[in-house]
Amino acid sequence: IELLRHALEKRHLALENRRLKAQLRHLARPGPRMLGDSPAMQRVMATIDPVLDISANVLLHGETGSGKDALARYIHENSPRSSHNFVAINCGAVPENLIESELFGHEKGAFTGATMRSSGRFEQAEGGTLFLDEIGDMPLEAQTRLLRVLQEGEYTSVGGRMTRKTDVRIVAATHQDLTQLTRQGRFREDLFYRLNVVPLRLPPLRERLEDIPELVKTFLAKAAGEGLPWKIIEGKAMERLMAYNWPGNVRELENLVHRLAALYSEETISEEAISAELADRGAASEPGGNRGLSQVVEERLEAYFGAHAGALPAAGLYDRVLREVERPLITLTLQATRGNQVKAAEVLGLNRNTLRKKIRDLDISVVRGQK
């Protein structure tokens, strides 16, 4: 009993030492901090603090751009796992046929284009934290494999035979209602309960407007650190920022501050400049605004490359992207022509035999007479 007591005390001191070191690193880091003075953020932090030292899975709820990725990183850097990797993957940005390879890795020859072995995110995050962003977009088959890993603590790579043990903390995030998705059969209920051990709702920026001045100063300092001129936003200009609704949340605020630092020659940003920028954003966000198909595709691909955190996607990306575009294009054209392949081929500008081959290759169902 005495030996166990001493061992537990030593373990407690080691964990406390690591946590305090992580907090010191966090305070010294020049980037944005999660801590906010608003009541909404203080409630979030009060929920987080008691679970930093344990490895319980965390499920973050919040609107797009509200800072779920920053909160996930904060949890990692203030936990005993901070000396290991923090690895992120956007489940909504990875093609459905590649999500398992991204998570668990693949062996050479596992599929077309797999010319060498590739480690997955679980292997990269071993001992640390794996951040599964937009978990609600994960395909059901991948959900089943993820559940098995969480239950058994082991996995096999795609095309592999050797079982690997894993020790990672899962922090998942979504802007969707997972409870509703489980009722619709689009998300596994047992996986939801595995992930939802510590549920946290991250408030949108409009619910914590008091944090805007601190966030603005942080983003201005970050822009200056990247070589942009230092700017000052205060007085009426800051009030104008705090009066805006921020549909894009913290991400929208950071983008605006970066744009102001890059494009405005004046050292002090005026209220007029802020109003002009916000007016342009409001017009662009209207339905059918200035976003063309090319921009939507570009944004999707940027998110996909960003999800690899500096690494490169698996080989064969060109063909995979074309298939992602081809399938909905042909499907919707067939729906518009009520299943008439002759008319669909004419609309698409394809030879009828070419269209039939693509329908077979892409496994598209054709129903005549229905739209």
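Tutor: Happy to! A word on terms to begin with: two strands pair if DSSP finds at least two bridges between them. Please keep in mind that this is a predicted model. With that in hand, look at the open sheet, where 5 strands follow the order 2-3-6-1-7 and the pairing is parallel. Its edge strands are strand 2 (86–90) and strand 7, each of which pairs on one side only. From one strand to the next, the twist averages 15 degrees.

Strand 2 pairs with strand 3 (residues 129–133) in the parallel sense, over 5 bridges. Within this pairing, Ala-88 stands opposite Phe-131 in strand 3.

Now move along the order to strand 1 (residues 58–61), which runs parallel to strand 6 (residues 169–174) and is joined to strand 6 by 4 bridges. Strand 1 is also joined to strand 7 (residues 198–201), again by 4 bridges and again running parallel. Strand 7 then brings us to an edge, since it is one of the two strands described as pairing on one side only.

Note on methods: Residues numbered from 1 in each chain as written. Predicted model: local features only at pLDDT ≥ 70, side-chain atom pairs only at ≥ 80, totals over all residues. Heavy atoms only, no water. Axes fitted to C-alpha atoms, helices over the stretch in contact; angles between N-to-C directions.
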